[in-house]
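I opened the model to look up a few things and note them in order. The entries below follow that order.

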Amino acid sequence: MWLRALAATGLDGVRFHDLRHTGNTLAATGGATTRELMHRMGHSSMRAALIYQHLVNGRDHQIADYVDGQIRMVKQPPHGPSGT
């Protein structure tokens, strides 16, 4: 069935295991934690999950922007009369 599906779609050379890799890649980029990836893959060690986690390293800027925004909200003076 797999080979027929590949032939019908022109995806020769794609291995069935590639679906697992793609699913875990999408899960990692979708925000899955290392523990969640381990559960999805059925692994007890973090080694395999960390392979997928490296894909989300580009989120460093997003995380930094979020943290910066939280700090800026605290630093801004309240709006309206101060009561003094």
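I began with the exposure of Tryptophan 2, which is partly exposed at a relative accessible area of 27% (buried means under 20%, exposed over 50%, partly exposed in between, with a 1.4 Å probe and protein chains only). This is a predicted model, in which local features need pLDDT of at least 70, side-chain atom pairs count only at pLDDT 80 or more, and totals for chains, interfaces and linings use all residues. Residues are numbered from 1 along each chain as its sequence is written, and side-chain values use heavy atoms, with hydrogens and water left out.

I checked confidence next (pLDDT, the predictor's own per-residue figure, from 0 to 100). The chain has a mean pLDDT of 81, with 83% of its residues at 70 or more. Helix 1 has the highest confidence, at a mean of 91, and helix 4 (residues 47–53) the lowest, at 79. I took helices as DSSP runs of H or I, at least four residues long, numbered from the N terminus.

I then looked for aromatic pairs (ring centres of Phe, Tyr or the six-membered ring of Trp within 6.5 Å; planes under 30 degrees apart are stacked, over 60 edge-to-face, the rest tilted). I found one. Tryptophan 2 is in helix 1 (residues 2–9) and phenylalanine 16 in helix 2 (residues 16–29), so the pair ties together parts 14 residues apart in sequence. Phenylalanine 16 is exposed, at 56% relative accessibility.

My last entry is asparagine 24, in helix 2. Asparagine 24 is buried, with a relative accessible area of 3%. Neighbours within four places in sequence aside, asparagine 24 contacts Leu37, Arg40, Met41 and Tyr52 (heavy atoms within 4.5 Å).

Methods. Helix = DSSP H or I, 4+ residues; strand = E, 2+ residues; numbered from the N terminus.
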